[in-house]
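The following briefing covers a metal site, helix packing and selected loop residues. Please consult the sequence and the structure alongside the text.

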Amino acid sequence: MTDEFWMQHALMLAKRAETIGEIPVGAVIIDDNQQIIGEGFNQAILQHNPSAHAEMIAIKQAGQTINNYRLVNTTLYVTLEPCIMCAGAIIHSRIKRVVYGASDYKTGAAGSFIDILAHPGINHYAEITGGVLAGECSNLLSDFFKQRRLQKKLTD
Ligand SMILES: [Zn+2]
């Protein structure tokens, strides 16, 4: 399976977030046998939980699936570059590889805003690949925000 295949899967999850009015970001974690062990999409508003990012939900589910707090030999696919919080969780969970779609110049912690994942001296380095289906991933986000601004205007 290609990176694009799994990013499509993450995009499908992101669209689920969109349908419930959450910022459309989706994440999926696979093991080295290409089996899905965790999935998530943004649910911060729904859960009244600022930490309910797609990656955090997928990481929690993956740990429960494999009964281990270390996610060695796994790959995380996420439609948007991880933030500082999620980068921290990626380091703690020892995820082997991170593949993201759109870059996030405001909060991205894989180099766009700050580079936590490659910070010298951290105790775990994940392999990073960015820009997979970046256009689709960022269009989904910009359409969502455009729509939201429009709705706000109509209700003002
Ligand atoms: Zn995050």
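Cys 86 is buried, with a relative accessible area of 0%; buried denotes under 20% relative accessible area, exposed over 50%, and partly exposed the range in between, computed with a 1.4 Å probe on protein chains only. This is a predicted model, in which local features need pLDDT of at least 70 and side-chain atom pairs count only at pLDDT 80 or more, while totals for chains, interfaces and linings use all residues. Residues are numbered from 1 along each chain as its sequence is written, and side-chain values use heavy atoms, with hydrogens and water left out.

**Zinc site**

- Cys 86 (SG) coordinates the zinc ion together with His 53 (ND1) and Cys 83 (SG), at 2.1 to 2.3 Å. Donors are N, O and S atoms within 2.8 Å of the metal (3.2 Å for Na, K and Ca), and sites may look incomplete because water is not among the atoms.
- Along the chain, the donors of the zinc ion follow the spacing H-x29-C-x2-C. His 53 lies in the loop between strand S2 (36-41) and helix H2 (54-66), and Cys 86 lies in helix H3 (residues 84-93), so this pair ties together parts that are 33 residues apart in sequence. Helices (H or I, at least four residues) and strands (E, at least two) are DSSP runs numbered from the N terminus.
- His 53 is partly exposed, with a relative accessible area of 23%.

**Packing of H2 with H3**

- The axes of H2 and H3 come within 9 Å and cross at roughly 20°, which makes H2 roughly parallel to H3. Axes are lines fitted to C-alpha atoms, for helices over the stretch in contact, and angles run from 0 to 180 degrees between N-to-C directions. Angles under 35 degrees count as roughly parallel, over 145 as roughly antiparallel, 65 to 115 as roughly perpendicular, and the rest as oblique.
- Contact (heavy atoms within 4.5 Å) is made by Glu 55, Met 56 and Ile 59 of H2 with Met 85, Cys 86, Ala 89, Ile 90 and Ser 93 of H3.
- By class, this contact of H2 with H3 has six nonpolar, one polar and one charged residues. Ala, Val, Leu, Ile, Met, Phe, Trp, Tyr, Cys and Pro count as nonpolar, Asp, Glu, Lys and Arg as charged, and the others, Gly among them, as polar.

**Packing of H1 with H4**

- Helix H1 (residues 3-19) and helix H4 (134-155) pack at an angle of about 10°, with their axes 10 Å apart; the two helices are therefore roughly parallel to each other.
- H1 contributes Met 7, Gln 8, Leu 11, Ala 14, Lys 15 and Glu 18 to the contact, and H4 contributes Glu 136, Cys 137, Leu 140 and Phe 144.
- The residues of the contact of H1 with H4 divide into six nonpolar, one polar and three charged.

**Loop residues**

- His 48, in the loop between S2 and H2, has a positive phi of about 50° although it is not a glycine. His 48 is exposed, with a relative accessible area of 73%.
- Leu 133, in the loop between strand S5 (127-129) and H4, also has a positive phi of about 50° without being a glycine.
- Ile 116, in the loop between strand S4 (97-102) and S5, is partly exposed at 21% relative accessibility. Not counting residues up to four places away in sequence, Ile 116 touches Ile 84, Ala 87, Ile 91, Ala 109 and Ile 122.
- The C-alpha atoms of Ile 116 and Ile 84 are separated by 6.9 Å, although the residues are 32 apart along the chain.
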